[in-house]
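These are my notebook entries on a single protein model. I set down what I looked up, in the order in which I looked it up.

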Amino acid sequence: MHPWLIWIYCINPMQYAFSALFANEMMGLVFDCSTGAHVPAGPAYLDAEYRVCALTGAVPGETQVLGDDYLRMIYSIETSNRGLYVMAVLLFWLLYTFCNVLAVEYITWAAGGHTQHVNKRGKAPKQNDEEQDRRNREMLEQATANLNKSLEMRQGLFVWKNVKYTVKANKQDLLLLNDVSGWIRPGQMTALMGASGAGKTTLLDVLARRKTQGTVDGTLLLNGIPLRVDFERITGYVEQKDVHDARLTVREAL
């Protein structure tokens with residue numbers, strides 16, 4: 001590594017973790033080279049004073065090499081600094097966690113940036129004008145102000161009349177629901193039954209206002225009043241694809 005880039009090595013938490021693990025493994029190990037792993041070698045060189053182990057970190061006149069010396073000479077890692085290496089890893093973890101908390105708190109990932117939506121010619125969605133935006137804001141503020149009052153409602157008659165749901169398929173309109181009507185009485189459990197593919201799930205998605213594509217026509221009334229923007233807040237809807245916990249009650253699942 002170029003000397004100018006040594007700072008990258010110093011701020012890398014992986015090198016501290018590697019040093020701590022390697023120092024823990026090598027500390028106290030003894031490599032014996034008295035049986036032939038020394039230089040010079042041969043029957044004429046039996047005096048330990050005139051030979052040295054053929055391992056990095058060997059000391060002349062010694063027939064063994066300590067793991068501490070080997071690690072110091074090869075990687076410049078001191079086994080006595082194991083505690084410092086572990087502390088450095090913990091401090092880096094705390095630093096990254098703190099930075100992550102700040103980023104989650106103050107950075108809005110869904111806003112800003114340079115994202116540009118491109119639509120096909122003639123398929124661009126209609127842009128709301130300022131008057132429409134003002135009405136939407138007023139409707140949302142009114143629904144939020146009446147939220148507590150809405151949550152106090154315990155019973156309500158839910159009625160749907162002549163509900164139609166149409167989607168685009170191969171540039172043609174495909175009618176999935178055709179003039180469906182019904183009601184749900186308060187305090188009763190209602191079962192929606194039908195053959196596979198009859199449109200049970202599609203109807204429930206439409207009634208719960210979970211469909212984001214296609215066109216929905218018809219009348220949806222709660223206690224004789226058209227559904228407001230806070231309908232999703234005062235109702236619970238559990239889709240069939242959700243993973244359910246068998247230990248939960250119906251109320252807890254909703």
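**Entry 1: Salt bridges**

I began with the charged side chains and noted that salt bridges link Asp69, Arg72 and Glu78 in a network. The rule I applied takes a salt bridge as a side-chain nitrogen of Lys or Arg within 4 Å of a carboxyl oxygen of Asp or Glu. By this rule I count 6 salt bridges. The model is predicted: local features need pLDDT of at least 70, side-chain atom pairs count only at pLDDT 80 or more, and totals for chains, interfaces and linings use all residues. Residues are numbered from 1 along each chain as its sequence is written, and side-chain values use heavy atoms, with hydrogens and water left out.

For Arg72 and Glu78 I read 3.1 Å between the closest N and O atoms. I then looked up burial, where buried means under 20% relative accessible area, exposed over 50%, and partly exposed in between (1.4 Å probe, protein chains only). Arg72 is partly exposed because its relative accessible area is 32%; Glu78, at 28%, is also partly exposed.

Which residue forms a salt bridge with Asp205? I found Lys211, with the closest N and O atoms 3.6 Å apart. Asp205 has 11% relative accessibility and therefore counts as buried, whereas Lys211 is partly exposed at 33%. I also recorded a salt bridge between Asp173 and Lys168, with 2.9 Å between the closest N and O atoms. Asp173 and Lys168 are both exposed.

**Entry 2: Helix H3**

Helices (H or I, at least four residues) and strands (E, at least two) are DSSP runs, numbered from the N terminus.

**Entry 3: Aromatic pairs**

I counted 8 aromatic pairs in the structure. Rings of Phe, Tyr and Trp (its six-membered ring) pair if their centres lie within 6.5 Å; planes under 30 degrees apart count as stacked, over 60 as edge-to-face and the rest as tilted. Phe18 and Phe22 form an edge-to-face pair because their planes stand at 65 degrees, with ring centres 5.4 Å apart. Both residues lie in helix H2 (residues 13-26), 4 residues apart, or about one turn of the helix. Phe18 has 42% relative accessibility and so counts as partly exposed.

Phe31 and Tyr70 make a tilted pair, with 6.2 Å from centre to centre and 55 degrees between the planes. This pair links distant parts of the chain: Phe31 is in strand S1 (residues 30-32) and Tyr70 in helix H3 (residues 67-75), 39 residues apart. Phe31 is partly exposed at 29% relative accessible area, and Tyr70 is partly exposed at 26%.

I also noted that ring pairs link Tyr16, Phe92 and Tyr96 into a cluster. Cys10, which I placed in helix H1, touches Gln15, Tyr16 and Phe92, not counting residues up to four places away in sequence. Cys10 is partly exposed at 39% relative accessibility.

**Entry 4: Positive phi**

Which backbone angle did I note at Asn162? Asn162 has a positive phi of about 50 degrees although it is not a glycine, and it is found in strand S5 (residues 158-169). Asn223, likewise not a glycine, has a positive phi of about 60 degrees. I located Asn223 in the loop between strand S7 (215-222) and strand S8 (225-226).

**Entry 5: The whole protein**

The protein has 9 helices and 8 strands, and buried residues make up 19% of its 254 residues. Among contacts between residues at least 6 apart in sequence, 55% join residues at least 24 apart.

I then checked pLDDT, the predictor's confidence in each residue, from 0 to 100. The mean pLDDT is 81, and 83% of the residues reach 70 or more. Where is confidence lowest, and where is it highest? Confidence is lowest in helix H6 (residues 147-151), at a mean of 56, and highest in helix H4 (residues 82-106), at 92.

How values were computed
Contact means heavy atoms within 4.5 Å.
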